[in-house]
Amino acid sequence: MAVHSLHAADEHEWQLRVDLAAAFRLAVHFDWHESVGNHFSAAVSEDGKTFLLNPRWQHFSAIRASDLLLLHAEDKETMERENAPDPSAWCIHGSVHAAVPHARVLLHCHPPYATALCGLKDPSLKPIDQNTARFFNRCAIDLDFGGMADEAEEGRRIARAFGNHSIMMMGNHGVSVAGETVAKAFEDLYFLERAAKTMVLAYSTGQPLNVMDDTLAEKTAAAWDDYAGAADAHFEQLKQMLDRTDPTYRD
Ligand SMILES: [Zn+2]
């Protein structure tokens with residue numbers, strides 16, 4: 001029995017590794033990556049304190065399932081190790097996994113359109129179409145950027161800023177998306193960047209935005225719940241796309 005459950009735990013961790021590795025490759029496909037920075041993580045243990053994270057300065061296009069670091073949020077030696085993670089990644093993901101139980105998976109990056117919005121005085125997504133309305137009242141906005149997240153306090157501040165939300169527009173910085181599974185977090189990140197692109201394009205016309213009233217925006221946002229299953233279908237088919245071109249993310 002013990003052997004069986006150990007095997008199941010290994011199997012679970014491996015599946016997480018494969019999905020997270022796929023998310024890195026797909027971030028390149030969608031042009032959300034930036035040099036060798038940014039970071040995605042996934043909690044392995046029930047309390048979220050043991051989690052997988054990408055190795056420091058490895059290009060997203062080359063990340064394999066076996067490359068992901070297995071870390072513990074309370075391991076004070078982590079940053080002393082030879083294969084220590086990126087300091088900013090350690091601060092953000094260690095703090096969020098330890099403090100935000102619903103953040104089983106945490107994707108943090110600087111995708112171009114969402115990051116452009118985060119550079120505005122008001123980075124909020126206005127409900128002007130179905131994709132922007134998806135985030136109506138469902139997005140934390142952090143306007144207290146404290147510089148590069150390389151201090152423990154900045155990590156804890158980011159964890160608090162999530163509140164009970166799963167999606168955060170980080171002013172002067174980028175975005176963080178938390179989710180129950182890699183597929184669900186990835187889908188939210190996908191639609192967040194799509195919605196931000198629509199906002200930036202709409203703003204760029206200089207014409208007034210036709211913002212939905214709160215009732216219509218809420219109705220539209222709630223209607224997205226009927227499409228929750230699309231996250232798994234989309235992610236599965238994106239993995240099949242990777243399998244056709246470069247399946248090494250599974251290694
Ligand atoms: Zn960042």
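# Close-up views of the predicted model

**N172 in the loop between two strands.** N172 is located in the loop that links β6 (167-170) and β7 (174-179). Helices (H or I, at least four residues) and strands (E, at least two) are DSSP runs, numbered from the N terminus. The model is a predicted one, in which local features need pLDDT of at least 70 and side-chain atom pairs count only at pLDDT 80 or more, while totals for chains, interfaces and linings use all residues. Residue numbers start from 1 along each chain as its sequence is written. The phi of N172 is positive, near 60°, in a residue other than glycine. Most residues other than glycine have a negative phi. N172 counts as partly exposed because 15 other C-beta atoms lie within 10 Å. The classes are buried for 20 or more other C-beta atoms within 10 Å of the residue's own, exposed for 12 or fewer, and partly exposed in between, with C-beta atoms placed from the backbone.

**W57 in the loop between β2 and β3.** W57 is not a glycine, yet its phi is positive at about 55°. W57 is exposed because it has 10 C-beta neighbours inside 10 Å.

Strand β1 (residues 39-43) runs antiparallel to strand β2 (residues 50-53), and 3 bridges join them. Two strands are taken to pair if DSSP finds at least two bridges between them. In this pair, A43 stands opposite F51 of β2. The two strands form a hairpin with 6 residues between them, and G48 in the turn has a positive phi of about 80°. β2 is also joined by 4 bridges to strand β3 (residues 69-72), again in an antiparallel arrangement. Here L52 faces L70 of β3.

**Helix α2 and its surroundings.** Helix α2 (residues 87-99) has 13 residues and extends 18 Å from its first C-alpha to its last, close to the expected 18 Å. The expected span is 1.5 Å times one less than the number of residues. Of the 13 residues of α2, 10 are buried, including W90, C91, H93 and H97. The buried residues of the helix pack against β1, β2, β4 (105-109) and α5 (152-162). Contact requires that the C-beta atoms of two residues, placed from the backbone, lie within 7 Å.

**L26 in helix α1 (residues 2-29).** L26 is buried because 21 other C-beta atoms lie within 10 Å. Leaving aside residues up to four places away in sequence, L26 touches F186 and L238. F186 is 160 residues from L26 along the chain, and their C-alpha atoms are separated by 9.3 Å.

**Crossing of helices α6 and α8.** Helix α6 (residues 182-204) packs against helix α8 (residues 230-245) at an angle of about 90°, with the axes 8 Å apart. Axes are lines fitted to C-alpha atoms, for helices over the stretch in contact, and angles run from 0 to 180 degrees between N-to-C directions. The two helices are therefore roughly perpendicular to each other, a class that covers 65 to 115 degrees, whereas angles under 35 degrees are roughly parallel, over 145 roughly antiparallel and the rest oblique. On the α6 side, A183, K184, F186 and E187 meet A230, A231, D232, H234 and F235 of α8.
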